[in-house]
Amino acid sequence: MNEADQNFLPDDVERLTRATAPPDATATDLDAETLALRDGFLRLGELLDQAAEFDEAALLAKLNHSLQSEAPAPARREKQKQRPWILPASIVGGVVAAAIILLLCQTFFTFDFDPDIKPIANLPGTKTIPEVDSNLDMTGFAPWRDVLDERLTMAQIRMQEASHLPLRRTSLISAAEEMRAMQHELNTSSL
Amino acid sequence: MTAPHEENRLQRWVREHSRAVRGYLLAFVRRPQDADDLLQEVFRKAWLARDRYEERGQERAYLMRIADRLACDRLRKKGEVQLDDAGWSAVEPATAEMDPAAILEGAEWRSELQGALELLSEQQRRVLLLRYYGGLEFAAIAEQLSLPLGTVLSHGHRGLAALRKLLTKEET
């Protein structure tokens with residue numbers, strides 16, 4: 001309560017309510033005091049009413065134009081209201097999808113990685129291996145037909161084939177073993 | 001807003017309530033152009049949130065609440081505006097320019113309205129005009145203004161007393 005507050009008795013409230021009744025309400029049995037208050041109230045309203053003339057049709061046209069551009073928003077809300085299950089279903093779907101992806105990752109992408117294996121290309125003195133694919137014509141390698149070259153080429157073919165297939169732990173391990181054996185041979189005999 | 005019955009409803013809102021809402025807005029912004037802009041905004045906001053209104057009840061009270069909030073926001077941004085000839089000339093009849101008596105009458109009316117509005121504080125104006133145009137009960141006005149009921153009654157009483165003095169002065 002601030003300093004403007006007063007203690008209003010029920011009679012005061014009643015008087016104030018009657019003095020400020022809507023303009024179209026019939027005011028009967030008003031005492032002189034209430035009538036005087038009501039006159040001031042109605043006069044203020046009349047003065048404002050005189051200024052309230054305006055073009056309703058123009059307002060309506062502007063409103064229609066303005067609201068038409070905003071129509072999709074409530075329609076969307078309405079549509080969403082009709083499907084209250086959409087949000088929980090999306091969340092559950094997301095969780096299930098994440099679980100499946102996690103399971104697949106664990107199944108196919110865990111293999112033993114040996115950090116000691118170095119790429120053959122980085123070894124000093126290694127010949128450059130021609131690029132091959134699964135349809136490699138081996139006769140093209142006739143001038144270099146030595147055992148090590150052939151084994152290297154076969155190993156590369158196997159690696160390339162393996163890269164086209166889904167990763168399998170066993171094939172990668174055997175390929176790695178073979179590469180390691182060849183590396184050993186390179187280090188000991190060929191070089 | 002595509003259904004015909006919805007269009008009819010908006011038309012009815014405008015027909016039945018736009019003058020009252022505009023009168024309320026004019027008492028605050030005091031310029032017809034500003035009042036018209038705000039009036040459109042009031043109806044736009046009211047229409048977009050009409051679902052909420054349907055839970056609350058009376059259309060007029062609903063519109064007046066929005067008008068009150070927008071008018072107060074505008075006043076806080078722009079400050080109190082005084083009546084001036086340029087602002088009010090738009091609401092005078094077109095023939096007023098040709099008729100000296102009408103010009104005088106318009107000037108008197110403007111002066112009286114200016115005097116009445118200046119007599120009232122912002123809160124007194126809100127209380128009396130929410131009652132006049134919105135027909136809100138004092139308890140509802142107290143809720144709208146976030147004031148205790150006693151304070152609202154006090155504003156109403158003091159505002160009426162001030163207006164009464166204005167009338168008495170004019171009569172003498």
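Helices here are DSSP runs of H or I with at least four residues, strands are runs of E with at least two, and both are numbered from the N terminus. What you're looking at is a predicted model, where local features need pLDDT of at least 70, side-chain atom pairs count only at pLDDT 80 or more, and totals for chains, interfaces and linings use all residues. Residues are numbered from 1 along each chain as its sequence is written, chains are lettered from A and ligands numbered from 1 in the order written, and side-chain values use heavy atoms, with hydrogens and water left out.

Start in chain A, at A:Trp85, which sits in the loop between helix H4 (72-82) and helix H5 (86-108). Together with A:Ile86, A:Leu87, A:Ile91 and A:Val95, A:Trp85 makes a nonpolar surface patch of about 520 Å². Such a patch takes nonpolar side chains (Val, Leu, Ile, Met, Phe, Trp, Tyr) joined within 5 Å, from residues with over 30% relative accessible area and no salt bridge (a Lys or Arg side-chain nitrogen within 4 Å of an Asp or Glu carboxyl oxygen). Areas come from the Shrake-Rupley method with a 1.4 Å probe.

Now over to chain B, which has 9 helices and 0 strands. Buried residues (under 20% relative accessible area, 1.4 Å probe, protein chains only) make up 53% of its 172 residues. Chain B exposes about 8300 Å², with carbon and sulfur atoms supplying 49% of that.

Zoom in on B:Gln40, in helix H2 (residues 32-48). B:Gln40 counts as buried because its relative accessibility is 19%. Neighbours within four places in sequence aside, B:Gln40 is in contact (heavy atoms within 4.5 Å) with A:Leu59, A:Lys62, A:Leu63 and A:Ser66.

Terms used:
Buried means under 20% relative accessible area, exposed over 50%, partly exposed in between (1.4 Å probe, protein chains only). Patches are made of residues with over 30% relative accessible area and no salt bridge: like charges are joined within 9 Å, nonpolar side chains (Val, Leu, Ile, Met, Phe, Trp, Tyr) within 5 Å.
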